[in-house]
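Please read the numbered points alongside the sequence and the model.

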Amino acid sequence: MQALPFAFLAIIFYLGAGLWQGLTLTRRVPARTRLVRSLALIAVACHAVIVWVTLNHGGALHLGLFESASLVSWAICLLLVTASLFKPVIAGGAALFPVAAACVLGVMNLPSATTENPLSPGLVAHIFTSVAALAFFSIAAMQAGLLSLQQHALKKRHTRGIVQVLPALTSMERALFELIWAGMILLSVSIISGTIYLDNMFAQHLAHKTVLSLGAWIIFAVLLFGHHVLGWRGQRAARWTLGGCLVLALAFFGTKFVLQVIFSH
């Protein structure tokens with residue numbers, strides 16, 4: 001199967017969806033959630049073909065840096081489009097859709113020889129929950145950033161611009177913590193399954209990935225405790241969310257970058 005046409009279509013539709021949503025946030029065009037969702041859905045469908053072809057190239061599972069980035073960005077966009085049917089999260093597509101387009105371009109031009117064999121059910125569960133957790137937290141990070149901008153504008157009594165486009169502050173915050181709770185459940189399963197099913201963790205250079213994942217778990221656990229018990233919200237909640245997501249991203253991609261880009265030369 002020729003993947004290049006699907007890659008081209010995925011990039012075009014991702015950029016179209018991201019551009020329209022970005023222009024909506026700056027009030028250059030009217031909000032068209034259905035249009036953005038439809039463009040993104042076409043892109044996600046085309047991207048699914050790219051994920052399948054690049055991950056299964058040559059009969060082995062390739063999970064290098066760019067294949068992983070492509071897989072995660074696809075999961076993020078699929079989750080974002082699905083969640084937008086129920087929650088006010090589509091605004092995050094202004095940044096997440098162009099990032100997915102860049103990941104498609106990267107995986108088509110910079111394939112990796114890294115393989116993951118053999119694949120046990122436990123390893124599949126670990127990979128799935130890791131990717132899903134990172135997808136939830138990535139959308140939460142965008143939600144936190146928008147929430148921070150929204151609250152800052154309201155404090156400055158700026159009632160025009162982005163404040164007029166985004167949903168109510170309470171709705172944005174509720175969606176943020178629902179995303180974090182979902183991500184926490186998946187991250188917990190990922191850490192447990194990794195501990196059980198990954199053999200010889202130190203030989204595979206995965207010890208620091210586990211430590212960083214645990215660090216992110218602790219950050220989000222403290223955030224949830226602070227929110228539900230101490231009433232943390234607004235800028236503080238946004239900072240903790242962004243910090244936790246950064247640590248988790250380092251856990252997921254930092255290991256691959258160091259091993260495949262720095263140590264490979």
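1. Basis of the note. The model is predicted, so local features need pLDDT of at least 70 and side-chain atom pairs count only at pLDDT 80 or more, while totals for chains, interfaces and linings use all residues. Residues are numbered from 1 along each chain as its sequence is written, and side-chain values use heavy atoms, with hydrogens and water left out.

2. Overall fold. The chain has nine helices and zero strands; helices (H or I, at least four residues) and strands (E, at least two) are DSSP runs, numbered from the N terminus. Read from the N terminus, the elements follow the order α-α-α-α-α-α-α-α-α. Of the contacts between residues at least 6 apart in sequence, 77% join residues at least 24 apart, a contact being heavy atoms within 4.5 Å.

3. Surface and burial. The chain has 265 residues, and 48% of them are buried. Buried means under 20% relative accessible area, exposed over 50%, and partly exposed in between (1.4 Å probe, protein chains only). The accessible surface of the chain is about 13,300 Å², and carbon and sulfur atoms account for 70% of this surface; such areas come from the Shrake-Rupley method with a 1.4 Å probe, and for residues only the protein chains shown count as cover.

4. The largest nonpolar core. This core has 75 residues, and those with the most contacts inside it are Tyr14, Phe97, Phe137, Ile139, Ile180 and Phe220. The largest share of the core, 16 residues, comes from H5. A nonpolar core is a set of buried Ala, Val, Leu, Ile, Met, Phe, Trp, Tyr and Cys residues joined through side-chain atoms within 4.5 Å. Leaving out residues up to four places away in sequence, Ile139 touches Ile76, Leu79, Leu80, Val89, Leu96 and Leu179.

5. The second largest pocket. This pocket holds about 390 Å³ of space. A pocket is found on a 1 Å grid over the protein atoms alone, as an open set of points where a 1.4 Å probe fits, with protein on both sides within 12 Å along at least five of seven lines; lining residues have an atom within 4 Å of a point. The volume is the space filled by probe spheres set on the points, and the points are joined across faces, edges and corners. There are 17 lining residues, and Leu71, Trp74, Ile127, Phe128 and Val131 lie nearest the centre. Helix H3 (65-83) and helix H5 (121-155) each supply at least two residues of the lining, with H5 giving the most, seven residues.

6. Two loop residues. Arg27 lies in the loop between helix H1 (4-25) and helix H2 (33-55). Its phi is near 60°, a positive value in a residue other than glycine. Most residues other than glycine have a negative phi. Arg27 counts as partly exposed because its relative accessibility is 48%. Val89 is in the loop between H3 and helix H4 (93-109), and its relative accessibility of 2% makes Val89 buried. The contacts of Val89, residues up to four places away in sequence not counted, include Ile139, Gln143 and Leu179. Val89 and Ala175 are 86 residues apart along the chain, with their C-alpha atoms separated by 7.5 Å.

7. Ser68 is found in helix H3 and counts as buried because its relative accessibility is 2%. Gly145 is in helix H5; its relative accessible area is 24%, so Gly145 is partly exposed. The C-alpha atoms of Gly145 and Thr241, 96 residues apart along the chain, are 9.1 Å apart. Trp217 belongs to helix H8 (residues 207-230) and is partly exposed, with a relative accessible area of 31%. Beyond its neighbours within four places in sequence, Trp217 is in contact with Met184, Leu187, Ser188 and Ile191.
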